[in-house]
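Please look at the sequence and the 3D structure below, and then follow the explanation one part at a time.

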Amino acid sequence: MFRQGNKIKQSKSAYIGSVLLIVSAFLPSLDVLSKWLIPGMNEARDSRGVLMTVNIWLATLYLSPVILIIATYFRPNPKLYFFPLCMFLYAGAVYFSPIIGKEVNYLQLNSWLFFVISVFSALCFMYTLRYVRMLTLVETSESDFHEDVKEKFDMLTAENDRLKNKIRSLENKLDENS
Amino acid sequence: MKTPEYLLLQKMLNKNRRMYQQNKIEFEEYIENHSLIMDKLNKSIFKMETVDFNYLVAIDTDDCLEKFRKGINIVQFNLN
């Protein structure tokens, strides 16, 4: 159960969406899990000579965004977007780690710093989005407010002119009578 | 990610404007409410108590002026 919009959301679709989000986040880790769980998976190759783990990794990598897009249609808990964001940042950082000249492996102890940086980056990203949303709301509501104030002032100015004209016409009438 | 408090304040802003456009509240009250809500919105930390949160959610579909004013009071004073 969580709040979505102004309502408390407790629907099956939201649960399914949330589960799909988490699945999409951890799906690209399937090759590492298979290495841990299935003996001999490290060496297994397909008919083209490509490692099975690489095949699994590529397949899950392409499948994961599809699941992520499907999950959005179920209106999941928005906080759970943190997981795919964090895991993809982490995977990207680990993949490009040879640039810094260090050997870093996915879901291994030597990548803890990358993981911490990914978590921190994902949190920063989400908080920045939240801040941008707030800024947008502030700007929109301010512009609406300015429109209303301008409208009111125009109305008051028109009323003021009308009253001035009325006073002037009354003064003219008084002058004519005197 | 939109927080529930953010969405409530957004709703109160819209409701305030709608009330003014329907001539249910005066211009002075509209300005006062607007500045109050904007002030809360500019404070990034804004947490509602559950009872008040539920009250504000409930007035979403209600256009009663008294309830709206009570909602504005909640926004003004219920800052944890």
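With 8 C-beta neighbours inside 10 Å, Asn23(B) counts as exposed, where a residue is called exposed if 12 or fewer other C-beta atoms lie within 10 Å of its own, buried if 20 or more do, and partly exposed in between, with the C-beta atoms placed from the backbone. Asn23(B) sits in the loop between α1 and α2 of chain B, and its phi is positive, about 60°, although it is not a glycine.

Before going further, keep in mind that this is a predicted model, in which local features need pLDDT of at least 70 and side-chain atom pairs count only at pLDDT 80 or more, while totals for chains, interfaces and linings use all residues. Residues are numbered from 1 along each chain as its sequence is written, and chains are lettered from A and ligands numbered from 1 in the order in which they are written.

Chain B, to which Asn23(B) belongs, has four helices and zero strands, where helices (H or I, at least four residues) and strands (E, at least two) are DSSP runs numbered from the N terminus. Its elements therefore read α-α-α-α from the N terminus on. Of the 80 residues in chain B, 25% are buried.

Which residues make up the largest nonpolar core? This core, meaning a set of buried Ala, Val, Leu, Ile, Met, Phe, Trp, Tyr and Cys residues joined through C-beta atoms within 7 Å, has 11 residues in all, namely Leu8(B), Leu9(B), Met12(B), Leu13(B), Ile37(B), Leu41(B), Leu56(B), Phe68(B), Ile72(B), Ile74(B) and Val75(B). The elements that give two or more residues to it are α1 (4-21), α2 (27-42) and α4 (65-77) of chain B. If its neighbours within four places in sequence are left aside, Ile37(B) is in contact with Leu9(B), Met12(B), Leu13(B), Asn16(B) and Val75(B), contact being counted when the C-beta atoms of two residues, placed from the backbone, lie within 7 Å. A second, separate core has 10 residues, including Leu20(A), Ala71(A), Cys86(A) and Ala122(A).

Turning to chain A, the secondary structure comes to five helices and two strands, which follow the pattern β-β-α-α-α-α-α along the sequence. Of the 178 residues of chain A, 13% count as buried, and among its contacts between residues at least 6 apart in sequence, 69% join residues at least 24 apart.

Helix α3 (residues 52-73) of chain A has 22 residues and reaches 32 Å from its first C-alpha to its last, close to the 32 Å expected at 1.5 Å a residue, a span that is found as 1.5 Å times one less than the number of residues. Val54(A) lies in this helix and is exposed because 12 other C-beta atoms lie within 10 Å. Val54(A) and Asp31(A) are 23 residues apart in sequence, yet 7.3 Å apart in space, C-alpha to C-alpha. In the loop between α3 and α4 (82-95) of chain A is Arg75(A), which is not a glycine but has a positive phi of about 50°. Arg75(A) counts as partly exposed because it has 16 C-beta neighbours inside 10 Å.

Finally, where the chains meet, 17 residues of chain A are in contact with 17 residues of chain B. Helix α5 (residues 112-177) of chain A gives the most to the side of chain A that touches chain B, with 12 residues.
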